[in-house]
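Here is a short note for a colleague who is opening this entry for the first time. Please read the points with the structure in view.

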Amino acid sequence: MIFLETNRLLFRTHEPQDEADFIRMHTDPEVRRYVGGSAWPVEKAVARFRGSYLLGRSGEGRERSTTHAARGALFLPARLYYNSREGITRRRAR
């Protein structure tokens with residue numbers, strides 16, 4: 001399900017075809033360095049993707065896939081928050 005769409009990005013639920021990109025990102029020490037923590041073992045990345053992200057159970061705010069619209073390249077998961085004073089805001093996943 002697409003939650004937000006711009007000319008360049010889709011903000012949507014995770015889909016099965018995101019798994020390889022998700023695993024590649026979360027097992028890469030350089031990526032994890034910027035999103036908090038160390039690289040995950042492959043087994044943890046697979047389990048988290050299949051058990052939480054793919055099923056939409058990734059916590060408060062529900063993390064979504066941020067995807068390049070033209071290329072379909074997956075970016076880091078992110079969350080949308082609604083604040084009655086500020087409207088919808090985007091935050092980087094913890």
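**Notes on the core and a strand pair**

1. Y53 has 7% relative accessibility and therefore counts as buried, the limit being under 20%. The model is a predicted one, so this value, like the others below, is computed from predicted coordinates.

2. Where does Y53 belong? Y53 is part of the largest nonpolar core, which has six residues in all: F22, I23, W40, A45, F49 and Y53. Helices α1 (19-26) and α3 (42-53) each supply at least two residues of this core. The most comes from α3, with three residues. As a general point, nonpolar side chains in soluble globular proteins tend to be buried together.

3. A45, another member of the core, touches F22, I23, H26, T27 and W40 when residues up to four places away in sequence are not counted.

4. How many aromatic pairs are there? The count comes to three. In one of them, the ring centres of F22 and F49 are 5.1 Å apart and the planes stand at 50°, so this pair is tilted. Because F22 lies in helix α1 and F49 in helix α3, the pair ties together parts that are 27 residues apart in sequence. F22 and F49 are both buried.

5. F22 also pairs with Y53. Their ring centres are 4.7 Å apart and their planes stand at 55°, so this pair is tilted. Here F22 is in helix α1 and Y53 in helix α3, so the pair ties together parts that are 31 residues apart in sequence. For reference, a pair of aromatic rings is described by the distance of the centres and the angle of the planes.

6. Is F22 buried or exposed? F22 has 0% relative accessibility, so it counts as buried. F22, W40, F49 and Y53 form one aromatic cluster, and these four residues are also listed in the largest nonpolar core.

7. Turning to the strands, β2 (residues 9-12) and β3 pair in the antiparallel sense, over four bridges. Which residue of β3 is the bridge partner of F11? The partner is T66.

8. Which way do the residues of β3 (residues 65-68) point? S65 and T67 point one way, while T66 and H68 point the other way. All of them are buried. In general, the side chains of a regular strand alternate between the two faces of the sheet.

Definitions and conventions:
Residues numbered from 1 in each chain as written. Predicted model: local features only at pLDDT ≥ 70, side-chain atom pairs only at ≥ 80, totals over all residues. Heavy atoms only, no water. Core = buried A, V, L, I, M, F, W, Y, C linked by side-chain atoms within 4.5 Å. Buried < 20%, exposed > 50% of the residue type's maximum accessible area, 1.4 Å probe, protein only. Contact = heavy atoms within 4.5 Å. Phe/Tyr/Trp six-rings, centres within 6.5 Å; stacked < 30°, edge-to-face > 60°. Pairing = 2+ DSSP bridges.
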